[in-house]
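Have the fold open beside you as you read.

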Amino acid sequence: MKKIIAFILSAALAIGLAGCGGNNEEAGIRAKVGTWKTAQTIQPFFYQEQSGGNDKVEVVPFTNPGDMKTALLAGSLDMCGTTIVTALTAASKGEPVVIVCGLSNKCSALVVAKNSNIQTAADLKGKKIAYVPGTMHHLLLLEAMRSSGLDPEKDVELVRIDFFDMGQALSQGTVDAFYSGEPYPSTAVSEGYGRILLYPDDQEGFGIINSAMITTKDKIEKNPEQVQKLVTAHVKATENLNKDREAWLNKASEFGTDRKVLDLAADNIQLFWNINDTYIQSVKNLAQRMQEQGLITEIPDVDKMFDLSFIETARKVLQK
C-alpha cells in the first residue's frame, strides 16, 4: 500500500511540475497578426517558424490597413501591419495605436501609359489620374503635383479607383496615370501597357517610408511578453528574407502574383524592422504634410506613437 501511495504522489508531483513549467519549457503565446498578402508585407507569414515550439501565431490576411486597424482596436488582433498614413490618421484621432517595428519602405510608384507623352509630373496637367483617397499613394501624388506647380483640384482630374482595377483602367485608356503600391506598377510594366514616371525615393522629405507593425497601448501594458515574441519573430524573419531573395519571392508568388512581376517589384521594395531617429523625423515630416494637404486636422505627438523597446531587445537576441 505504501508503494502504491508513493507512486501516486510521485506521478501527481510530476504532473504538477509539468503544468507549472517544471520541464523548463517557456510558456507559449497565442496571437493573431494581421497583414496583407503582398511581397512587401510578408514577414508575419514567417512568424510561426521563428517563434518557440509552444507558440501559436495565426496570420489573418486583410486587403486594406483601415480594416486591420479597426480589428486591432476591437481586440480581434494582437498586432497588425499598417501604412504610416493610417497610423498617423489614427493617432490624430486619439486612437491608442503604437508602432513597435518597421515593415517595408518604398513599394509604390506613379505609373503612366507606356506610349503617352507624359515625361514629367508637370505633364500630368489636364490628365485623369487614378488614386485611392487617404493613402500614402494619395499623399505622394499630391506632393508630386505640388512640386510641379499643379493644383490637384483644378489642373488634373482625380478618379477614385480601387488598386485592383487601376491597371485595367490605364490599359483601356480610362485614365492616363495611377499612383499605387506594388505589384501593380510592376505589373503594368511587365505587361507592356505602363511606364514608371516616379518612384517614392525620387521625392523629398518622406518619400520612401511606407508601412510598419502596430499594436495597442493596452496590449503592451497587459501582455508585453507576447508583443516581444512577435517583434523578435518579425526581426528574425526580416533578416532571413533580406538574405534569401528566392525564399522571399517564392513565398510571395503563392499569393497569386506572377514571379516575373515580383522580380521587378522586388527592386522597389525594402523590407525592414529597425526604426531610428531619422525615420521618426521622416514620419514627423509626413504628418506635417498630411495636415497641410488636409488629410488630418491635427498633428499627433509622433514621438509617443513609437515604442522602440521591443526592437532593442530583439536586436540583442539577434546578436547572440
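Two strands pair if DSSP finds at least two bridges between them. Helices (H or I, at least four residues) and strands (E, at least two) are DSSP runs, numbered from the N terminus. With that in hand, look at strand β8: in β8, A177 is the bridge partner of I129.

A word on the model itself. This is a predicted model, where local features need pLDDT of at least 70 and side-chain atom pairs count only at pLDDT 80 or more, while totals for chains, interfaces and linings use all residues. Residues are numbered from 1 along each chain as its sequence is written, and side-chain values use heavy atoms, with hydrogens and water left out.

| Partner of β8 | Direction | Bridges |
|---|---|---|
| β5 (residues 108-113) | antiparallel | five bridges |
| β6 (residues 128-131) | parallel | two bridges |

Five of the five residues of β8 (residues 177-181) are buried (under 20% relative accessible area, with exposed over 50% and partly exposed in between, using a 1.4 Å probe and protein chains only). The strand is therefore largely enclosed by the rest of the structure. A177, Y179 and G181 point one way from β8, F178 and S180 the other way, and all are buried.

**Two packed helices**

Helix α4 (residues 84-92) packs against helix α12 (residues 277-292) at an angle of about 70°, and their axes are 11 Å apart. That makes α4 roughly perpendicular to α12, a term for angles of 65 to 115 degrees. On the α4 side, the contact (heavy atoms within 4.5 Å) is made by I84, V85, L88 and T89, and on the α12 side by Y279, V283, L286, A287 and M290.

**A residue of helix α13**

Is V317 buried, partly exposed or exposed? V317, found in helix α13 (residues 309-319), counts as partly exposed because its relative accessibility is 30%. Leaving aside neighbours within four places in sequence, V317 is in contact with T232 and K236. From V317 to E182 is 135 residues in sequence and 32 Å in space, C-alpha to C-alpha.

**The whole chain**

The secondary structure comes to 13 helices and eleven strands. Of the 320 residues of the chain, 49% count as buried. The C-alpha atoms fill a box of roughly 95 × 40 × 35 Å, taken along the principal axes.

How values were computed: Axes fitted to C-alpha atoms, helices over the stretch in contact; angles between N-to-C directions. Parallel < 35°, antiparallel > 145°, perpendicular 65-115°, else oblique.
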